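The sequence and structure are shown first.

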Amino acid sequence: MAVPARTCGSSWPGPVRTARPWPGRGPRPFPDPRGPASGPARPLLLLLPPLLLLPLLTAPGASAYSFPQQHTMQHWARRLEQEIDGVMRIFGGVQQLREIYKDNRNLFEVQENEPQKLVEKVAGDIESLLDRKVQALKRLADAAESFQKAHRWQDNIKEEDIMYYDAKGDAELDDPEGEDVERGSKTSTLRLDFMEDPNFKNKVNYSYTAVQIPTDIYKGSTVILNELNWTEALENVFIENRRQDPTLLWQVFGSATGVTRYYPATPWRAPKKIDLYDVRRRPWYIQGASSPKDMVIIVDVSGSVSGLTLKLMKTSVCEMLDTLSDDDYVNVASFNEKAQPVSCFTHLVQANVRNKKVFKEAVQGMVAKGTTGYKAGFEYAFDQLQNSNITRANCNKMIMMFTDGGEDRVQDVFEKYNWPNRTVRVFTFSVGQHNYDVTPLQWMACTNKGYYFEIPSIGAIRINTQEYLDVLGRPMVLAGKEAKQVQWTNVYEDALGLGLVVTGTLPVFNLTQDGPGEKKNQLILGVMGIDVALNDIKRLTPNYTLGANGYVFAIDLNGYVLLHPNLKPQTTNFREPVTLDFLDAELEDENKEEIRRSMIDGNKGHKQIRTLVKSLDERYIDEVIRNYTWVPIRSTNYSLGLVLPPYSTFYLQANLSDQILQVKYFEFLLPSSFESEGHVFIAPREYCKDLNASDNNTEFLKNFIELMEKVTPDSKQCNNFLLHNLILDTGITQQLVERVWRDQDLNTYSLLAVFAATDGGITRVFPNKAAEDWTENPEPFNASFYRRSLDNHGYVFKPPHQDSLLRPLELENDTVGVLVSTAVELSLGRRTLRPAVVGVKLDLEAWAEKFKVLASNRTHQDHPQKCGPSSHCEMDCEVNNEDLLCVLIDDGGFLVLSNQNHQWDQVGRFFSEVDANLMLALYNNSFYTRKESYDYQAACAPQPPGNLGAAPRGVFVPTIADFLNLAWWTSAAAWSLFQQLLYGLIYHSWFQADPAEAEGSPETRESSCVMKQTQYYFGSVNASYNAIIDCGNCSRLFHAQRLTNTNLLFVVAEKPLCSQCEAGRLLQKETHSDGPEQCELVQRPRYRRGPHICFDYNATEDTSDCGRGASFPPSLGILVSLQLLLLLGLPPRPQPQVHSFAASRRL
């Protein structure tokens, strides 16, 4: 490759470090750092082969110093390698620890992890656990159907006739703003005593059930009181279930009327503002109440739909989307004369969280104009549902139309697309205040097996956008026992504080008949659910025999993880399921796609793959070998997988039968031994049932010692495997102190500490005083240095973690150190394993000085080589540190050591923050490879709320928030009735605030968001390279070389003369992101399978109940009275709530 000649009066690289102009040319332009549209820019870098470069480095006319030649820098690299290896051999004690293990061979056995047997056993244990919950579910569902069938409907039932524990009653009674009417209405509410139960992470009462009723439902209505009456009998079944299986957690009946009865009783965890919990909108209820859905939502945006009506429609669509789960598919379109999708989605897409977010944002941009064209809207919807070239639910098909009214019945469209089979249900929604004839809308719904709803006000949105589920439940009810199949949900956050759970669901059917010989009822009563905490499932998996990098995981039919060490949502949002795809929990590649598909299909399999893994601290990427083994969990939709590194095929199991030896080794855990034997951190594991946990390791060790003085390692209340291994490793690491560390002078080699960590849970740091600055996790399996050392051969350097936003390191009292660690590989016969990691902690400042010496031309430690005016020699990292930059960078691109004193406080930072130009050159020369991924479980600070207030009014009229404060907290009954009456007369003048206000502002807290992560790791270049960063008169020459048997890159470069090339900067820090482009992702959806059952048709279904609209004329006297009472804050007398659909539930 031709090398451009320097034109500034001397040959490259130039003997004198001065600014180098380009006569007659002006400054050289630097390429646009953004580069072409196809990818990031890479400035022109001229790689110089050694033979071509050498003449240039020693060009005639060079004076005292020249850039070091390649063989010189290779010599420096070998000196660095030898120094590191020598220190680790002397102080690390790898070989000595191997010998200690062999000397104590009689104290442990080598056990084998057999992947196929392991994964089948765990799958069987999980199946047994879930089967016990299934039996309890069936008993509950059968009992509920029997109780409801035997129940006699009471028209005149009163609140005082029903005694129950109102889960929200205590909170309402304690409300300082509560009025006497609320207190007086609690005469039928039980007051209970509760006791703390660690299994529920809550205070509970095992003698009673609790009842939760949504805030927007009047508790005194006849429908609700009858529901409370017959469901009371479930209490005894709940109690009997717990007697048969004491491990049962929440048992819940979610009624189609909105009532939730759960056991055991506990006070409701109401939010600080408005409680919007409605069981019918919970993921588990939706999944259990109907089969999967293909839904097209069409929204009328003609000119007549304007103002508040359009706002109501937007809110209604968003609420409708919230009734869909990941088993459903949806698209949303707007129409006037023409129909078009509201978003970039041109076909049905999975109703997952991210796709629904796209829809919700797009809906807000709808604008009303033009004329109404029902035909365009329905033709678009039918075309969407008939598209068979895409992935979809292939079960219930429906069209949801929101409009303000119209005359056209579009019968010709239905005749063309849907009749006579009527495979698509049509649901119509009349939205807002208008005087249009609603008969055409009713006709559309009734002739297409759907339902007609009216949404006159914001208070009607939530209830009327979810009751379509009752219609979809009809075929399930009519199918009878065939439809009584337990389904298991995705992972979601329990609303009562249990944490992450899955729920087994079973629909409960109405078995009554209207009369002798009449058709049986086809309404779904509700859904029965039983929670299983993920922690209970995790306890069935091997904990510590798989090693630090082995783990068990499980996925469902959507590919979402049920179990995975990376399933760690940072926020809790009980309204949405936790949907982390297996390919997002790990770094995606083709092999994992194949494994995921096989697991979803319910197959068994085994595959060894080479893949990338992210370090625990998410700063590094390692290329590793992993063995994947998987089997289906029978009777569920889950599949279980096991991941093992090759070195975790075997593990040690201590056999300390000698009690004298137990006592001897145990004494080395006592703090009194730390001064001579080094400080011991023990992993905070569940060694015994009565061991008190603590985040403070000193306190945890104290608790452990106190317990061990009362019990023995062989006690039945303790985990004997964990205890024996812990005590064995205590003794083994003490012997390392005795044989190696105690007689060595750490200061001679500028070491702050030496350490050893083991699979058994011991981390020993020597000397004792070094423990004061030890910041690594006391659980070796959760320590990044430990896990990375197991996955990498040689010595792994770990500089202190520095955030670019924080102040630099403070180099005081030589407390800042760099960890260097390596795994201890033990071969016993033909069995190889890595039971421990050892290492040293380098004194940063002292080793930075040593680094200069090792990368210099010194022939003697105390006499640096100097060049006279007439002699010629090469620059080095010590004498010429003003002109030459010398650094050690680790495999993640973080600065480890530098010959520049002013950079010592930047050790641990991403090198692009130190020298952006040079780091970009290293990346462009393939010394580093970039890996980008997304964290879908991140938490972000909440955005400041916008101004949602209404426009100025001539007289005082309360906002929606005012309504809620006065009505909801004063009288739920009055508000429920008021909602039904108010819209008929003065709705349009009161409801001018944004509909979102009716929902109540969310609590100020972090919210879930997506973060983009970027990591760098060593590329394919292993050789030594010289290269030029071509940047006009700011060009620089650099040399880079990997250090053998380490994770370090040795870089020598000319210091920059100017900053004109600071154009390209690589970013490593995590950044907020919207994630990958959803519009592109839906074009290549990930493989999934829906539930294997579908109930969308039954020939005996009675479709005559299809909605006739509300016909409850408002009374002007009552309306005025209610208005005055609400404005004055006086408690009105509760009135029964009228609900047209709920009325059909009368028996």
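**Disulfides**

The model is a predicted one. The count of disulfides comes to 5. Three of them are listed here.

| Disulfide | S to S distance | Handedness |
|---|---|---|
| C344 and C1079 | 1.6 Å | left-handed, -80 degrees |
| C395 and C1094 | 1.9 Å | right-handed, about 100 degrees |
| C446 and C1106 | 1.8 Å | right-handed, 90 degrees |

The disulfide of C344 and C1079 has its sulfur atoms 1.6 Å apart. The pair links distant parts of the chain, 735 residues apart: C344 sits in the loop between β11 (339-341) and β12 (349-350), and C1079 in helix α30 (residues 1078-1081). C344 is partly exposed at 31% relative accessibility, and C1079 is partly exposed at 22%.

For C395 and C1094, the torsion about the S-S bond is about 100 degrees, so this disulfide is right-handed. C395 lies in the loop between α12 (374-386) and β13 (396-403), while C1094 is in the loop between α30 and α31 (1116-1128), so the pair ties together parts 699 residues apart in sequence. The two ends fall in separate accessibility classes: C395 is buried, with a relative accessible area of 2%, whereas C1094 is partly exposed at 34%.

The link of C446 and C1106 is right-handed, with 90 degrees about the S-S bond. Since C446 belongs to helix α14 (residues 439-446) and C1106 to the loop between α30 and α31, the pair ties together parts 660 residues apart in sequence. Buried means under 20% relative accessible area. C446, with 18%, therefore counts as buried, and C1106 is buried with 2%.

**Nonpolar cores**

The largest nonpolar core has 97 residues, and L922, Y928 and F1050 have the most contacts inside it. Helix α2 (residues 70-92) gives the most to this core, with 8 residues. Leaving aside residues up to four places away in sequence, F1050 touches residues including M73, W76, A77, L80, F851, A855 and L1043. Apart from this core lies another, of 51 residues, among them A167, L234, L496 and V501.

The N-terminal end of α26 is capped by D843, with a side-chain oxygen 3.2 Å from the backbone nitrogen of E845.

**Salt bridges**

The structure holds 40 salt bridges. Which residue of strand β14 pairs with E1101? R425 lies in strand β14 (residues 424-431) and E1101 in the loop between α30 and α31, so the pair ties together parts 676 residues apart in sequence. Their side chains meet at 2.9 Å, N to O. R425 is buried at 3% relative accessibility, and E1101 is buried at 10%.

D412 forms a salt bridge with K375, the closest N and O atoms being 3.6 Å apart. Here D412 is in helix α13 (residues 411-417) and K375 in helix α12, 37 residues apart. Both ends are partly exposed: D412 at 43% relative accessibility and K375 at 40%.

In the salt bridge of D536 and R539, the closest N and O atoms are 2.4 Å apart. D536 is partly exposed at 24%, while R539 counts as exposed at 55%.

Finally, R354, D581, D584, E588, R596 and R1086 are linked in a network of salt bridges.

Conventions. Residues are numbered from 1 along each chain as its sequence is written. This is a predicted model: local features need pLDDT of at least 70, side-chain atom pairs count only at pLDDT 80 or more; totals for chains, interfaces and linings use all residues. Side-chain values use heavy atoms; hydrogens and water are left out. A disulfide is a pair of cysteine sulfur atoms within 2.5 Å. Helices (H or I, at least four residues) and strands (E, at least two) are DSSP runs, numbered from the N terminus. Buried means under 20% relative accessible area, exposed over 50%, partly exposed in between (1.4 Å probe, protein chains only). A nonpolar core is a set of buried Ala, Val, Leu, Ile, Met, Phe, Trp, Tyr and Cys residues joined through side-chain atoms within 4.5 Å. Contact means heavy atoms within 4.5 Å. A polar contact is a pair of N or O atoms within 3.5 Å; within protein, one must be able to donate a hydrogen and the other to accept it, and residues adjacent in sequence count only if both atoms are side-chain atoms. A salt bridge is a side-chain nitrogen of Lys or Arg within 4 Å of a carboxyl oxygen of Asp or Glu.
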